Amino acid sequence: MLIRFILLVFFFLWTGTLAGQQLYTGIVVDSARLTNLPDAHVSVKHQGKITSTSSNGSFMIYASSIDTLVFSAVGYMTAELPLLFAENTLFVMMREDRIFLNEVIIKSTRLYPNKIEERTKTAPRKMSGLDGVISPFDYFSGLEREKRKLSKIVEENNRTQTYRQVITDPDVKDILMKEYDVNEVTYYHTLVQFNQQQGHVHYYSDPDAIMEALHSFFAKNLGVK
């Protein structure tokens, strides 16, 4: 009976000592290079207590012997250290968290290889709206109507001259056919689809931007990854 009482007292004294708060100090380092790790988080698990390591990797935190310290840092695997039977001065090594990504193949695309020539044309002089008010018969004459139609065509051609030079360039045709391994029929069929669906590209003035749009469209519609 006496022995049981003594053991019970010893147990309560021992658990009381374990439950008491102690100051734990230590240093956190990289496990491979043994360099100090600043700004690593040190917390008491399930307790909400948290601190960070200083510029030299050192830390101080209060915990009890039955607690577990949790160490975390960006780019490193989280580490847990039970304090039972641990010394008050700790040396913690954290292992780098290496993430291996799937291999990615970057496929380069050749942009426009030639020089764009200036092919701007001058539209025929046409009567203005004011001229039409002054001379309505002349304004609505067959000649003036034809001039207005021709003027619109010339303006449209001037706006799309870069695009038309790119898609009619034999080198561009060769590049796209080789790049996407298609025959001439498939090439022209895909180009027709491009012209129908990507009308805004017709007005691009940058030949490289046109080539990028063509590559993107061909890759998407021909199932090239």
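This is a predicted model: local features need pLDDT of at least 70, side-chain atom pairs count only at pLDDT 80 or more; totals for chains, interfaces and linings use all residues.
Residues are numbered from 1 along each chain as its sequence is written, and side-chain values use heavy atoms, with hydrogens and water left out.

**Overall picture**

- The protein chain has eight helices and seven strands; helices (H or I, at least four residues) and strands (E, at least two) are DSSP runs, numbered from the N terminus.
- Of the 225 residues in the protein chain, 30% are buried (under 20% relative accessible area, with exposed over 50% and partly exposed in between, using a 1.4 Å probe and protein chains only).
- Take the contacts (heavy atoms within 4.5 Å) with a separation of 6 or more: 57% of them link residues 24 or more positions apart.
- The accessible surface of the protein chain is about 15,700 Å², and carbon and sulfur atoms account for 58% of that; the areas come from the Shrake-Rupley method with a 1.4 Å probe, and for residues only the protein chains shown count as cover.

**The three-stranded sheet**

- Strand order in this open sheet is β4-β1-β7, with mixed pairing; two strands pair if DSSP finds at least two bridges between them.
- β4 (58–63) and β7 are the edge strands, each with a single partner strand, so one side of each has no neighbour in the sheet.
- From one strand to the next, the twist averages 30°.
- β1 and β4 are antiparallel and share six bridges, with Gln22 opposite Ala63 in β4.
- β1 and β7 run parallel, also joined by six bridges, and Ile27 has Phe91 in β7 as its bridge partner.

**A closer look at Gly26**

- Gly26 sits in strand β1 (residues 22–30) and is buried, at a relative accessible area of 12%.
- Leaving aside neighbours within four places in sequence, Gly26 is in contact with Gly57, Ser58, Phe59 and Leu90.
- Gly26 and Phe59 are 33 residues apart along the chain, yet their C-alpha atoms are separated by 5.6 Å.

**The four-stranded sheet**

- This open sheet runs β3-β2-β5-β6, with antiparallel pairing.
- Its edges are β3 (50–52) and β6 (79–82), each with a single partner strand, so one side of each is left without a neighbour in the sheet.
- The twist here averages 20° from one strand to the next.
- Strand β2 (residues 41–44) pairs with β3 in the antiparallel sense over three bridges, and Val42 stands opposite Thr51 in β3.

**Helices α7 and α8**

- The axes of helix α7 (residues 184–197) and helix α8 (residues 207–221) come within 10 Å and cross at roughly 115°; axes are lines fitted to C-alpha atoms, for helices over the stretch in contact, and angles run from 0 to 180 degrees between N-to-C directions.
- That makes α7 roughly perpendicular to α8 (65 to 115 degrees, with under 35 roughly parallel, over 145 roughly antiparallel and the rest oblique).
- On the α7 side, the residues that meet α8 are Tyr187, Thr190, Leu191, Gln193, Phe194 and Gln197; their counterparts in α8 are Ala213, Leu214, Phe217, Phe218 and Asn221.
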